[in-house]
Amino acid sequence: IVRFCDSDLTQKYDINNGLLLCANADALFDKHLIAVNEEGKLVFSFLLNNNTRLKMDLHLNQGIYGDILTNKRKEYLKQHYMIFLEKEEHRKTGRYTYVEN
C-alpha cells in the first residue's frame, strides 16, 4: 500500500502493507487512480468515473471485503488515500504531472 521505496524497514515487511489485486487494478492503485476511502469503499479518480466497462472488466464494481480491512491496513490505506486526494486535486486543476520513481 505504501510504496516499498517509501517504506521504513518495518513497513516493508508488514503483511498489512499490502493488498492482493490483479495486475491492472494494482497499476491503477499504484498510480493513485483508485483508492480505498475511510469508509472502506473503493473510490475512482474522476478520470475513470464514467468508465463502467473498465470497472466491470476488472471487477472493481464489487465491494471491499471487510475482513481484510484490519486496523493496521486501514492506517496504510489512509496514507494512500491522502495521496490520492492530493493527486486528484492536481489532476482536476491541470497541475498534475506523473513521474514514476
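Biologist: Between which helices does the loop with Tyr-13 run?
Modeller: This is a predicted model, in which local features need pLDDT of at least 70 and side-chain atom pairs count only at pLDDT 80 or more, while totals for chains, interfaces and linings use all residues. Residues are numbered from 1 along each chain as its sequence is written, and side-chain values use heavy atoms, without hydrogens and water. Helices (H or I, at least four residues) and strands (E, at least two) are DSSP runs, numbered from the N terminus. The loop holding Tyr-13 lies between α1 (9-12) and α2.

Biologist: Is Tyr-13 buried or exposed?
Modeller: Buried means under 20% relative accessible area, exposed over 50%, and partly exposed in between (1.4 Å probe, protein chains only). Tyr-13 has a relative accessible area of 62%, and therefore is exposed.

Biologist: What accessible area do Phe-4, Leu-9 and Tyr-13 have together?
Modeller: Patches consist of residues with over 30% relative accessible area and no salt bridge, like charges being joined within 9 Å and nonpolar side chains (Val, Leu, Ile, Met, Phe, Trp, Tyr) within 5 Å. Areas come from the Shrake-Rupley method with a 1.4 Å probe, and for residues only the protein chains shown count as cover. Phe-4, Leu-9 and Tyr-13 form a nonpolar patch on the surface, and their accessible area together is about 410 Å².

Biologist: Why are the buried residues of α2 on the same side of the helix?
Modeller: In α2 (residues 23-30), the buried residues are Ala-25, Leu-28 and Phe-29. They lie on the same side because the arc they cover around the axis, taken from the directions from the helix axis to the C-beta atoms, is only 100 degrees.

Biologist: Which exposed residues does the face of α2 turned away from its buried side carry?
Modeller: The buried side is covered by elements including β1 (34-36), α3 (52-57) and α4 (71-93). On the face turned away from that side, the exposed residues are Ala-23 and Asn-24.

Biologist: With which residues is Leu-48 in contact, leaving aside its neighbours within four places in sequence?
Modeller: Leu-48 is among the residues with the most contacts inside the largest core. Contact means heavy atoms within 4.5 Å. Neighbours within four places in sequence aside, the partners of Leu-48 are Leu-28, Leu-33, Ile-34, Leu-54 and Lys-55.

Biologist: How far apart are the closest N and O atoms of Arg-91 and Glu-88?
Modeller: A salt bridge is a side-chain nitrogen of Lys or Arg within 4 Å of a carboxyl oxygen of Asp or Glu, and the whole structure has four. Arg-91 and Glu-88 are three residues apart in helix α4, which means a separation of about one helical turn. Arg-91, at 10% relative accessibility, counts as buried, and Glu-88 is buried at 7%. In their salt bridge, the closest N and O atoms are apart by 2.8 Å.

Terms used: Core = buried A, V, L, I, M, F, W, Y, C linked by side-chain atoms within 4.5 Å.
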